Structure formats: C-alpha cells, structure tokens
Amino acid sequence: MKKILLIEDETNQRILCTETLEKEGYQVIAASNGEDGLNLLKNNDVNLVIVDIRMPKMSGLETLANILGQRKNLPVIIYTSYPQYKTDFMSWAADAYIIKSSTGLSELVAKVKELIGA
Amino acid sequence: MPEKEKILTLILAGGKGERLYPLTRDRAKPSVPFGGIYRIIDFTLSNAINSGLRKIYVLIQYKSYSLQRHIREGWNIFSRELGEFIDVIPAQMRIGTDWYLGTADSVFQNIYFLNQEKPDLVLILSGDHIYKMDYRRMIEFHKQKNADLTISVFDVPVQEAKRFGVLEVNERQEVISFQEKPENPVHSPDNPDMCLISMGIYLFNTETLVRRIIEDAKKPDSSHDFGKDVIPAMIGKDRVFAFPFTDENRKETKYWKDIGTIEAYYEANMDLVSVEPVLNLYDTEWPIRTFQEQLPPVKTVFSLGERTGMVLDSIIGGGCIISGGKVYRSVLSPWVRINSYAEVSESILLDRVNVGRYCKIRRTIIDKNVVVPPGTIIGYDASEDKKRFVVSETGIVVVPKDYQW
C-alpha cells in the first residue's frame with residue numbers, strides 16, 4: 001500500500017484529506033506542522049508528501065526545502081488556500097500546486113494517482 | 001545608466017583551487033593575491049561594476065574568511081538606498097545539511113535570494129578567472145538571440161580543451177552540444193586546431209534558471225554542476241547560445257586565464273613585469289579596483305657600491321622598502337622589505353615579506369608575513385628546496401604563509 005505523508009495544521013482539513021485518501025486505498029500518516037512532518041519523513045518509507053503552506057513554526061515552503069534536502073526525488077504536492085505563493089520560486093520545486101476549493105480535493109486525489117498510481 | 005531589465009549577478013567564489021596549494025592553504029582561490037595589490041576576484045568584480053551591474057551576490061563557502069574581509073574592506077562601495085549591493089553570502093545549509101555539492105547546487109541553495117530580487121536575468125560568474133569583459137555586450141547578444149541561456153566562449157587549442165566544458169555550435173551560434181572535460185573535444189567550426197570552451201560565464205533568463213536547477217536538484221544521480229549536469233540537459237530543449245568573448249583588454253590575443261596551477265599563477269604574474277604585458281592594468285577605460293589601505297610611498301635606500309637599493313623590471317606595492325638589496329623582474333606586494341646585499345629575482349613576494357641580508361631568492365613565490373633569515377638561498381638548488389617547500393614541475397618554489405625557519 002502506498003504511503004502518503006500529509007502535513008496540514010488545520011484539524012478539519014487533516015481529517016477530511018486523510019479519510020478521502022484512505023478511501024482511495026492509500027495509507028496516510030499526518031503531521032500538524034512542518035517539524036513533525038520532517039520527523040515522520042525520516043522514520044517512514046513515504047511515497048508522496050502533501051503539504052500546506054501557511055503553518056505555524058515552519059512554513060510549507062521551508063518544509064519543502066527540507067524535504068528536498070532529505071529525499072531529492074520524492075513527489076510533493078502543495079495544497080493550500082492561497083494562490084499567491086505560486087510566484088515563490090521555492091514552490092516550483094513541488095510537483096503540483098493545488099488550491100483548496102470546492103474541487104480541490106478531487107484534483108488532489110487525481111494528482112496523487114497520477115504521481116504514484118493507485 | 002539605468003538598466004532596462006533587472007539583472008542579478010551571482011559570483012561563485014567557493015573555488016578551492018587545490019592545484020594552487022599552498023597558496024590556497026588558508027584562502028579560497030578567488031582570494032589568492034595577484035599582481036602585487038589585487039586578489040583574483042577583483043577582476044570579476046571590476047568587470048561587473050564596469051559593466052554597470054549593481055546587484056551582486058558573492059557566494060562563498062570554503063576557507064572564506066580572507067575573501068569576506070577583502071570584500072568588506074575593499075568593495076563596500078554601493079548605495080543600498082539605490083538598491084545597489086555587493087553582498088557576501090556564506091553557505092547556510094537552508095536546504096538540507098550539505099555544503100554546496102556543485103555550482104548549480106550553490107545557486108539552488110540560494111533560491112531565496114533570487115526570489116527576493118525576482119530579476120529578469122541572472123548572470124552567473126566564477127570568481128576564479130582573470131580577464132576583462134563588458135558583460136553588457138553579452139546581455140545585448142542574449143536579448144537579440146531571444147535566448148534562455150547564453151554561455152560566453154573562448155577559443156583554446158584542442159589539446160588544452162580537455163580541462164574545460166567544450167561546446168559545439170551551429171551557424172546561428174546556437175549550442176548543439178556541450179561536454180564537460182571530454183576525452184575527444186569537438187573542434188570549432190572555422191578552425192580544426194581550436195575548440196570553443198565555456199568560460200563559466202552564464203546568462204540565464206531567471207525562469208529558465210529556476211526551473212532547470214530545480215529539476216537538477218531533484219535528480220539523485222546528478223553532481224549538481226552547471227557544466228556537468230544542468231547545461232547538457234538543456235541542449236535541444238532550451239534556446240542556448242554561445243557568445244564569443246569580447247576582450248576589453250584589447251590586445252592582439254584575447255586574455256582569459258584560469259589561474260589553476262602554480263605555473264599558471266607564476267607566468268601570469270611574470271607577464272605583468274614585462275615591457276609590454278599582455279594584461280594591461282594601466283587602462284583607465286577599464287579600471288581594475290581592489291582594496292588598498294593607506295600606505296606610505298615606496299622607498300629605496302643606499303647607493304654604496306654593493307650595498308645599493310635597486311629595483312628593475314618589477315612592480316612594487318606601497319609601503320615597500322628596498323634597503324640596500326636588489327630586485328629584478330619581481331612582483332612585490334605592499335610592506336615588503338628587502339635588506340642589504342640581498343638579491344631577489346623573478347619572484348613574487350606577498351605582503352610583509354622581509355628578506356634578510358645576503359639572501360638569494362630566485363623563481364620563488366613567498367606568501368604573506370614570511371621573515372626570511374639572513375643568508376637564506378632559495379631557487380638555486382631544487383633538491384634542497386624540495387626538502388622544505390612545494391616545488392612545481394617547472395621548479396617554482398612556494399614558501400607558505402607565515403612559514404617559520
């Protein structure tokens with residue numbers, strides 16, 4: 001079973017995403033901030049990371065930079081409510097940038113499937 | 001002259017210069033002293049400011065104290081109020097825990113600074129080379145060709161090309177192949193004896209640069225080097241052009257030197273004391289600046305037969321005292337002292353070297369602060385010199401910084 005690391009500070013979003021991805025047959029481990037997420041990454045064989053941008057302690061972009069430092073070719077999806085970080089060069093290091101919206105979650109699932117398969 | 005587009009200059013100054021050991025024992029290659037009063041990086045920095053570039057980051061990592069100090073003392077000349085800067089950026093390991101893995105990685109790890117500035121173009125230079133160039137001509141060429149990347153190129157004989165990145169171009173100057181240090185280099189289209197090599201001068205559209213270094217950063221098997229990885233991957237995908245180096249030195253042969261070895265370093269310095277040096281340091285149209293402290297004038301003293309203070313065919317930095325000794329065909333940095341009856345010829349003496357009475361020094365590089373005891377002979381007996389010092393293949397002796405007898 002493919003394992004996804006979800007880094008999301010907002011509890012409802014975290015639960016919603018986790019349940020949706022689990023229904024699609026993925027195993028999801030979740031962290032509520034970048035630091036915890038990076039620790040989980042160290043100790044788990046993860047196939048893909050989904051990361052929010054605006055989070056306390058360490059921003060999603062900083063987290064992304066650290067993920068690259070640890071696992072260069074690990075697929076990463078940015079999942080955020082804010083489109084403006086698209087102009088930040090660091091965000092270009094993600095494999096996808098998906099906006100949380102009414103269709104966001106289904107886009108997210110489709111992208112996950114595209115990147116790592118079902 | 002206001003810039004039409006926003007250009008950010010990155011000078012990669014992390015070069016170790018291992019083949020210049022022991023001159024690079026305590027300093028990175030760009031910080032190695034040259035020509036009496038300069039450091040190697042002064043040429044690149046001077047080119048940049050003479051070209052009207054005013055936003056410059058110098059990326060450093062290896063043995064960088066000397067370089068940082070030099071830039072702080074000598075190059076703090078811009079107005080931040082006007083958005084101008086020469087900033088030294090040490091390796092910060094913000095992405096991962098590694099030092100810079102390669103030239104492309106050094107830019108990738110500083111993507112934050114690109115993001116802050118959001119320039120239209122990024123000019124990437126090396127702090128390792130000595131040459132004079134107006135980058136504005138290259139920028140113009142880049143725009144004319146509507147290029148994604150322009151690489152400045154220099155002609156070298158085929159047998160020397162193996163040390164460099166070798167380019168193959170079509171009739172439109174578009175690069176169709178790029179090989180780093182190839183065994184069998186492709187010769188230039190108009191001369192079978194010459195190759196086009198990369199001078200390590202890259203002008204990128206920012207967006208292309210960012211996309212390509214990110215792609216490269218995500219490849220686990222890459223060495224994260226522009227020459228080895230990023231540029232070869234761009235050929236055939238992006239618009240990559242070769243710009244033939246235009247030399248502001250304006251001599252018969254173009255001057256671009258990678259001062260990679262002790263021999264090359266020695267020869268480039270010796271060029272400066274010839275009657276008509278190839279490298280012209282006296283051109284007010286293209287000044288080379290550096291850090292210079294306030295120094296008293298050079299002094300020669302004694303004219304008493306054998307005890308005559310004399311300097312011939314040499315260049316001498318401020319504050320030197322030639323006291324009853326003789327100096328021929330040599331380069332003296334500031335504060336050097338030559339004492340009575342000593343004879344120094346075809347040598348390079350760096351700051352504060354003190355040559356004792358009756359010394360005989362020939363074909364020797366003496367690094368900073370060395371006090372040579374009276375009667376010392378260097379450069380006349382290679383086997384004797386080799387017991388104490390690094391001696392190059394051609395017999396140049398190097399006395400390291402702070403050496404104590």
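A nonpolar core is a set of buried Ala, Val, Leu, Ile, Met, Phe, Trp, Tyr and Cys residues joined through C-beta atoms within 7 Å. In this predicted model, the largest such core holds 145 residues.

**The largest nonpolar core**

- Which residues touch the most other members of the largest nonpolar core? They are A:Leu64, B:Ile151 and B:Val153.
- Strand 11 of chain B, residues 194-205, gives the largest share of this core, with eight residues.
- Domain 1 (7-272) and domain 2 (299-399) of chain B both contribute residues to the core, so the core lies between them.
- Take B:Ile151 as an example: setting aside neighbours within four places in sequence, B:Ile151 is in contact with B:Leu167, B:Val175, B:Ser198, B:Ile201, B:Tyr202, B:Val240, B:Ala242 and B:Phe243.

**Chain A as a whole**

- Chain A is built from four helices and five strands.
- How compact is chain A? Its radius of gyration is 13 Å, close to the 13 Å that the globule rule gives for 118 residues, so chain A is as compact as a globular protein of that length.
- Along the principal axes, the C-alpha atoms of chain A fill a box of roughly 35 × 30 × 25 Å.
- Of the 118 residues in chain A, 36% are buried.
- Look at the contacts in chain A between residues at least 6 apart in sequence: 59% of these join residues at least 24 apart.

**Helix 4 of chain A**

- Here is a sum you can follow: helix 4 of chain A (residues 104-116) has 13 residues, and at 1.5 Å a residue it should span 18 Å. The expected span is 1.5 Å times one less than the number of residues. The end C-alpha atoms of this helix are 18 Å apart, which agrees.
- What happens just after helix 4 of chain A? There, A:Gly117 takes a positive phi of about 80°.

**Where chain B touches chain A**

- At this meeting place, 14 residues of chain B are in contact with 11 residues of chain A.
- On the chain B side, helix 4 (111-117) and helix 7 (206-217) each supply at least two residues.
- Helix 7 of chain B gives the largest share of that side, four residues.
- Sorted by class, the side of chain B that touches chain A has seven nonpolar, three polar and four charged residues.

**The two domains of chain B**

- Chain B is divided into domain 1 (7-272) and domain 2 (299-399), and the C-alpha centres of these domains lie 35 Å apart.
- Between the two, 13 residues of domain 1 of chain B are in contact with 18 residues of domain 2 of chain B.
- Which helix gives the largest share of the domain 1 side? Helix 9 of chain B does, with six residues.
- By class, the side of domain 1 of chain B that touches domain 2 has nine nonpolar, three polar and one charged residues.

**The loop around B:Pro277**

- B:Pro277 sits in the loop between helix 9 (262-272) and strand 14 (299-301) of chain B.
- Is B:Pro277 buried, exposed or partly exposed? It counts as partly exposed, because it has 18 C-beta neighbours inside 10 Å, and a residue needs 20 or more to be buried.
- Not counting residues up to four places away in sequence, B:Pro277 touches B:Asp271 and B:Leu272.
- B:Lys251 is 26 residues away from B:Pro277 along the chain, and their C-alpha atoms are separated by 9.6 Å.

**Backbone spots to look for in chain B**

- Most residues other than glycine have a negative phi, and most peptide bonds are trans.
- The peptide bond from B:Tyr21 to B:Pro22 is cis, with omega near 5°. B:Pro22 lies in the loop between strand 1 (7-12) and strand 2 (33-34) of chain B.
- B:Gln173 is not a glycine, yet it has a positive phi of about 70°. Find B:Gln173 in the loop between strand 9 (165-169) and strand 10 (175-180) of chain B; with 18 C-beta neighbours inside 10 Å, B:Gln173 counts as partly exposed.
- B:Asp402, not a glycine either, has a positive phi of about 60°. B:Asp402 is in the segment after strand 31 (397-399) of chain B, and with 12 C-beta neighbours inside 10 Å, B:Asp402 counts as exposed.

Notes:
Residues numbered from 1 in each chain as written. Chains lettered and ligands numbered in written order. Predicted model: local features only at pLDDT ≥ 70, side-chain atom pairs only at ≥ 80, totals over all residues. Contact = placed C-beta atoms within 7 Å. Nonpolar A, V, L, I, M, F, W, Y, C, P; charged D, E, K, R; others polar. Rg over C-alpha atoms; globule rule 2.2 N^0.38 Å. Domains from an automatic or database assignment.
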